[in-house]
Amino acid sequence: MEKIVILTGAGISAESGLGTFRDEGGLWAQHRIEDVATPEGFVRDPALVHRFYNARRVQAAKAQPNAAHEALARLQRDWPGEVVIVTQNVDSLHEAGGAQDVIHMHGTLAGALCAACDHRWTAPPEMSVGEPCPACAAATARPDVVWFGEMPYQMDAIYNHLAGARLFAAIGTSGQVYPAAAFVHEAAMSGARTVELNLDPSTGASSFDDVVLGPATETVPRWVDQMLISQ
Ligand code: OAD
């Protein structure tokens with residue numbers, strides 16, 4: 001049966017109370033990307049970077065999945081083919097909403113990563129500078145999130161999924177960050193139909209076959225209902 005690949009961004013978690021990056025008053029209006037989301041920023045001021053991600057981790061832990069996360073989990077359960085969810089989000093709301101095997105291409109706040117030996121472990125609620133790696137004892141623990149200038153995770157698997165997709169949907173993402181912003185082209189080249197569900201048209205909205213505008217908690221459950229009726 002037909003494979004669906006779904007890319008999600010910060011907009012899907014907005015109605016769970018987690019701020020987006022580029023909307024008015026978003027995270028990138030409050031913080032400089034080069035300070036908190038680059039490897040160079042972490043070398044310069046690791047305490048600042050930990051403070052930024054610690055605050056986001058605490059906030060994400062309190063957030064509840066919304067109707068959009070739950071609808072995608074329902075699509076995964078009830079669609080007769082494979083439904084692959086790729087997210088740029090570092091929260092765990094897809095999983096909390098019941099989704100399986102979510103690909104976190106930008107990493108996750110729940111993880112810690114040793115910058116020296118690449119060992120991974122569950123992050124404590126508050127990470128601090130000098131925390132030793134449980135494997136090699138180096139004091140180089142960092143959040144297991146992908147920063148600008150770093151390669152997103154699981155790209156081979158994602159491109160394989162896109163090559164086999166019959167439908168590609170991008171939900172709640174502004175389409176300004178690559179490589180995710182180019183997934184619509186990859187999918188279209190493989191013959192997939194493409195749909196964007198977003199509050200406002202994204203930068204690349206004209207690249208999609210269909211665009212559905214509105215808040216994710218309304219558009220996504222409705223779209224999932226339509227998909228399941230039309231199968
Ligand atoms: P952005 O903040 O760039 O975009 C969020 C999108 O969600 C915008 O297009 C909004 O219109 C839309 N949106 C807001 N509220 C919504 C709602 N209730 N329902 C539906 N859509 C809504 O976030 P991303 O596109 O996810 O990367 O950003 C991509 C990457 O840039 C992030 O993963 C992060 C960031 O820098 C790294 O930090 C590496």
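In which sense do strand S2 (residues 83-87) and S3 pair, and over how many bridges? In this predicted model, the two strands pair in the parallel sense, and the pairing runs over 2 bridges. Within that pairing, Thr87 stands opposite His104 in S3.

**The sheet**

The pair belongs to an open sheet of 6 strands, arranged in the order S3-S2-S1-S7-S8-S9 with parallel pairing. The edges are formed by strand S3 (103-104) and strand S9 (210-213), each of which pairs on one side only.

The protein chain is divided into two domains. Domain 1 is made up of residues 1-18, 64-106 and 152-231, while domain 2 takes in 21-62 and 108-145.

| Property of domain 1 and domain 2 | Value |
|---|---|
| Distance between C-alpha centres | 25 Å |
| Area buried between the domains | about 990 Å² |
| Share of the buried area from carbon and sulfur atoms | 53% |
| Salt bridges across the interface | 0 salt bridges |
| Polar contacts across the interface | 3 residue pairs |

The size of an interface is often given as the accessible area lost when the parts come together. Here the area buried between domain 1 and domain 2 is about 990 Å². Of the area that domain 1 buries against domain 2, Leu18, Val90 and Tyr153 supply 46%, more than any other three residues. In terms of contacts, 13 residues of domain 1 touch 13 residues of domain 2. The side of domain 1 that touches domain 2 has 5 nonpolar, 7 polar and 1 charged residues.

**Salt bridges**

Side chains of opposite charge can pair when their charged atoms come close. The structure holds 9 salt bridges. One of them joins the side chains of Arg166 and Glu2, at 2.8 Å from N to O. This pair links distant parts of the chain, the two residues being 164 residues apart. Arg166 is in the loop between helix H8 (155-163) and strand S7 (167-171), and Glu2 is in the segment before strand S1 (4-8).

**Backbone exceptions**

Most residues other than glycine have a negative phi, and most peptide bonds are trans. Two places in the backbone are set out here against that background. A cis peptide bond joins Tyr178 and Pro179, with omega about 10°. Pro179 is found in the loop between S7 and helix H9 (183-189). Ala137, a residue other than glycine, has a positive phi near 70°. Ala137 is found in the loop between strand S5 (120-122) and strand S6 (141-145).

Key
Residues numbered from 1 in each chain as written. Predicted model: local features only at pLDDT ≥ 70, side-chain atom pairs only at ≥ 80, totals over all residues. Heavy atoms only, no water. Pairing = 2+ DSSP bridges. Helix = DSSP H or I, 4+ residues; strand = E, 2+ residues; numbered from the N terminus. Domains from an automatic or database assignment. Contact = heavy atoms within 4.5 Å. Buried area = accessible area lost by both parts, 1.4 Å probe. Salt bridge = Lys/Arg side-chain N within 4 Å of Asp/Glu carboxyl O. Polar contact = N/O pair within 3.5 Å; in protein donor to acceptor, adjacent residues only side chain to side chain. Nonpolar A, V, L, I, M, F, W, Y, C, P; charged D, E, K, R; others polar.
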